[in-house]
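Hi there,

Here is the structure I promised to pass on. My notes follow below it.

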Amino acid sequence: MTVLGNRALGRATLARQLLLDRADLPVHDAVAHLCGMQAQEPQEPFTGLWSRLRAFDPAALSDLLTGRSVVRTHLMRRTVHLVTADDIVAWRARHDAMLRQRVLGTYRRELEGMDLDELAAAGRAVMADGEPRSMAELVRALADRYPAPAPRALGEMLLAALVPVAQTPPRGLWRSRGGVRNVLLSSWLGRPVDPPAPDGADPVGQALVRRYLAAFGPAASADLRGWCGLAGLPAAVAAIREELVTFRDERGRELFDLPEAPRPDPDTPAPVRFLPAFDNAILGYHDRGRIIDDVHRGLSVAGERVVLVDGRVAATWRVDAATVVVTPLGRLSSADRTAVGEEGRELASFLSGGESHRVRVATSPD
């Protein structure tokens with residue numbers, strides 16, 4: 001079985017994630033291809049798409065949100081994602097059990113003994129009028145019936161697990177601020193969530209395997225679960241195994257992939273790319289070594305924005321007074337510093353609406 005090294009896997013990831021070459025895709029198609037984008041920080045997906053698409057217009061994403069073609073909702077790993085309307089309708093029921101378990105993992109003591117199906121019905125009844133509500137407003141509406149649990153535990157269980165909701169604009173619009181207000185997903189989209197498959201079949205799980213490999217492969221079953229948090233996916237992989245090709249990584253893990261998916265030569269040049277906080281190009285794997293060194297792995301879960309140089313995390317970045325400030329994690333060559341500066345100037349222009357092209361690359365550490 002062919003062994004794929006980290007560099008080969010990294011180049012494959014960059015190609016699938018539209019980071020090796022910027023793509024000429026409509027924004028909706030890019031979000032669909034990426035299987036959604038992590039979005040708990042509302043402005044971060046705009047940078048993620050700018051790094052992936054040619055001539056990206058942030059208004060296009062805002063229009064998709066207000067037009068209800070893309071929604072903000074809890075999904076993979078119980079984190080807020082931008083997902084196309086078609087995907088959330090198809091995928092949400094398959095995530096129900098995982099979402100419940102993840103909330104219980106945090107609030108099991110507060111929610112002990114509670115009938116969650118009854119709570120779900122009560123939450124849906126309150127939300128049935130289609131009015132957007134904050135978590136606090138929903139919890140207050142149920143306070144007489146459920147006085148015991150802490151408000152946060154009750155609200156998280158309702159809005160992150162039991163009741164499929166969309167977070168409504170202006171939350172998530174370009175350069176807009178707005179608190180989280182929720183509306184029933186079925187009301188927002190004008191159609192119900194697809195019901196679970198009967199008789200234990202898992203067509204959604206199989207579809208998720210194919211979609212994940214198209215955007216993240218080659219990958220192991222553990223990577224697939226690391227991306228979405230779902231149980232039962234090894235069975236979905238087994239069900240479509242004849243469609244897939246297999247490899248090994250340097251650790252000996254079996255990797256699955258789609259036969260015709262791009263696997264570039266490991267020596268393919270990789271341009272500098274600026275990634276937003278919590279980008280799934282890093283977080284979408286159990287083994288993140290294809291892009292980030294173990295010593296820096298904590299950056300990806302701490303919300304640090306990172307810079308890829310030659311396909312690997314080589315710096316962090318932030319914005320200070322309309323200046324993109326880059327802090328190298330190790331030594332950068334003169335050519336790399338120049339390339340980081342050039343891409344940073346373009347990013348500064350994008351984020352400032354053309355008013356700033358300032359970038360500052362700090363001195364590399366010894």
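R133 counts as buried because its relative accessibility is 15%, where buried means under 20% relative accessible area with a 1.4 Å probe and protein chains only. This is a predicted model, in which local features need pLDDT of at least 70 and side-chain atom pairs count only at pLDDT 80 or more, while totals for chains, interfaces and linings use all residues. Residues are numbered from 1 along each chain as its sequence is written, and side-chain values use heavy atoms, leaving out hydrogens and water.

R133 sits in the loop between α6 (116–127) and α7 (135–141); helices are DSSP runs of H or I with at least four residues, numbered from the N terminus. Its side chain reaches the backbone oxygen of E131 at 3.3 Å, and a polar atom of that side chain lies 3.2 Å from the backbone oxygen of V126. Not counting residues up to four places away in sequence, R133 touches V126, M127, V180, R181 and N182 (contact: heavy atoms within 4.5 Å).

The largest nonpolar core has 63 residues, and L119, M157 and W227 have the most contacts inside it. Such a core is a set of buried Ala, Val, Leu, Ile, Met, Phe, Trp, Tyr and Cys residues joined through side-chain atoms within 4.5 Å. Helix α5 (residues 85–111) gives the largest share of this core, 10 residues. Leaving aside neighbours within four places in sequence, L119 is in contact with M114, Y146, L154, M157, L158 and L162.

Happy to talk it over!

Terms used: Helix = DSSP H or I, 4+ residues; strand = E, 2+ residues; numbered from the N terminus. Buried < 20%, exposed > 50% of the residue type's maximum accessible area, 1.4 Å probe, protein only. Polar contact = N/O pair within 3.5 Å; in protein donor to acceptor, adjacent residues only side chain to side chain.
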